[in-house]
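Hi,

Here's the structure I said I'd pass along. Have a look at it first, and then read on for what turned up.

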Amino acid sequence: MKAPERYITRGIQGNLSPHLQQILFSLVDTRDNDAEKNGQKADYLSVFHIKRKDKRHIQIKMLQEQPPYNLKYMIQSIEDFKKSKVYVVREDDIDPFYIMLLPTEY
């Protein structure tokens, strides 16, 4: 089975580094795989809250509504980011894909 395509919006491109984008997509992949192993289907919408904890660490909180899921993830990073809330939407129609966007672009 072919891996789903991944897309980002202009808002993401201008506000989130490729490194952080890659981490968020990786967290979604991990969640989807874990849910499948447990006989569940992960929510189509993943909400990420990103905040700087200190000069060297960023906290990422991932939320899904159905089934309820949340994960806090800490990374070591000094990079700057402009937006603190990001959505990743999974589309399962004919050719599955993921799109990462800002809440204002939803």
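One term before we start: "contact" here means heavy atoms within 4.5 Å. Also, please keep in mind that this is a predicted model.

With that in hand, let's start at Lys 82. It sits in the loop between strand 4 (69-76) and strand 5 (85-91). Setting aside its neighbours within four places in sequence, Lys 82 is in contact with Gly 14 and Asn 15. Gly 14 is 68 residues away from Lys 82 along the chain, yet their C-alpha atoms are separated by 8.5 Å. Is Lys 82 buried or exposed? The cut-off for exposed is over 50% relative accessible area, and Lys 82 has 63% relative accessibility, so it counts as exposed.

Ser 46 is another one to look up. You'll find it in strand 2 (residues 45-54). Buried means under 20% relative accessible area; Ser 46 comes in at 1%, so it is buried. Its side chain makes a polar contact with the side chain of Gln 64, at 2.8 Å. Leaving out neighbours within four places in sequence, Ser 46 touches Val 28, Met 62, Leu 63, Gln 64, Val 86, Tyr 87 and Val 88 by the contact rule above.

Val 28 leads us to helix 2, where it is one of the buried residues. Others buried in helix 2 include Leu 20, Ile 23, Leu 24, Phe 25 and Leu 27, and also Gln 21, Arg 31 and Asp 32. The length of helix 2 checks out too: its 20 residues, at 1.5 Å a residue, should span 28 Å, and the end C-alpha atoms are 29 Å apart, which agrees. After helix 2 comes Gly 39, with a positive phi near 75°.

Now the largest pocket. It holds about 370 Å³ of space and has 18 lining residues. Which of them lie nearest its centre? Those are Asp 32, Asn 33, Glu 36, Arg 90 and Tyr 98. Sorted by class, the lining has 8 nonpolar, 8 charged and 2 polar residues. Helix 2 (18-37) and strand 6 (97-101) each supply at least two residues of that lining, and helix 2 gives the most, with 5.

Cheers

Methods
Residues are numbered from 1 along each chain as its sequence is written. This is a predicted model: local features need pLDDT of at least 70, side-chain atom pairs count only at pLDDT 80 or more; totals for chains, interfaces and linings use all residues. Side-chain values use heavy atoms; hydrogens and water are left out. On a 1 Å grid over the protein atoms alone, a cavity is a set of points where a 1.4 Å probe fits but cannot get out, and a pocket is an open set with protein on both sides within 12 Å along at least five of seven lines; lining residues have an atom within 4 Å of a point. Grid points are joined across faces, edges and corners, and a volume is the space filled by probe spheres set on the points. Helices (H or I, at least four residues) and strands (E, at least two) are DSSP runs, numbered from the N terminus. Ala, Val, Leu, Ile, Met, Phe, Trp, Tyr, Cys and Pro count as nonpolar, Asp, Glu, Lys and Arg as charged, and the others, Gly among them, as polar. The expected span of a helix is 1.5 Å times one less than its number of residues. Buried means under 20% relative accessible area, exposed over 50%, partly exposed in between (1.4 Å probe, protein chains only). A polar contact is a pair of N or O atoms within 3.5 Å; within protein, one must be able to donate a hydrogen and the other to accept it, and residues adjacent in sequence count only if both atoms are side-chain atoms.
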